[in-house]
Amino acid sequence: MIVLGIDPGMAILGYGVVEQCGSSLKPIDYGVVTTPPDMMTAQRLTVIFEAVGQLIDRYCPESIAVEELFFNKNAKTALSIGHARGVAILAAALKSVEVYEYTPLQVKQAVVGYGRASKQQVQQMVRMLLGLKEIPKPDDAADALAVSICHLHSIALQKKLQHETGSAIFRY
């Protein structure tokens, strides 16, 4: 199963493509999509929309995992991130790829096992779980990989529980 993880942002949107092969995880690609602050909002959103569409076309993920927006004290920043999330989700929807959303707490719990883990702890676990020599840079790419890992762990748990109980436990 191939998953595209997205850490949304207007200036920097992180992405991470991870494949699950049996019980192991394999990083396929990761990086960022950037838009300059002097570009008009509509143009920035178009760049993000097209880039996510190209990632979907290139890697054919079975699902996309997007980090949910957590409360931000700066309303303008929160709106900006929300716009970026929206066009990323729209790109997936138009290509008929299922989208799953995870809070930062859920991502930390799935990757580190502790919902209050530090950013450094999450990045170190991403490096270890994916067998990378170094922590992925920039941080937005590492965060996107963590979202992918969270989704793969969540789906694996759901399948295991469904197999044991005969019915789905979690609904997204």
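Guide: Welcome! Buried means under 20% relative accessible area, exposed over 50%, and partly exposed in between (1.4 Å probe, protein chains only). This is a predicted model, where local features need pLDDT of at least 70, side-chain atom pairs count only at pLDDT 80 or more, and totals for chains, interfaces and linings use all residues. Residues are numbered from 1 along each chain as its sequence is written, and side-chain values use heavy atoms, with hydrogens and water left out.

Visitor: How many salt bridges are there?

Guide: A salt bridge is a side-chain nitrogen of Lys or Arg within 4 Å of a carboxyl oxygen of Asp or Glu. Under this rule, the count is four.

Visitor: How many residues apart in sequence are the parts that Lys-95 and Asp-57 tie together?
Guide: Their side chains form a salt bridge at 3.0 Å, N to O. Helices (H or I, at least four residues) and strands (E, at least two) are DSSP runs, numbered from the N terminus. Lys-95 sits in the loop between helix H2 (75–94) and strand E5 (98–102), and Asp-57 in helix H1 (residues 41–59), so the parts tied together are apart in sequence by 38 residues.

Visitor: Is Lys-95 buried or partly exposed?
Guide: The relative accessible area of Lys-95 is 35%. That value makes Lys-95 partly exposed.

Visitor: Which helix holds Lys-119, the partner of Asp-143 in a salt bridge?
Guide: The side chains of Asp-143 and Lys-119 meet at 2.8 Å, N to O. Asp-143 belongs to helix H5 (residues 139–165), while Lys-119 lies in helix H4.

Visitor: Is Asp-143 buried or exposed?
Guide: Asp-143 has 14% relative accessibility. Asp-143 therefore counts as buried.
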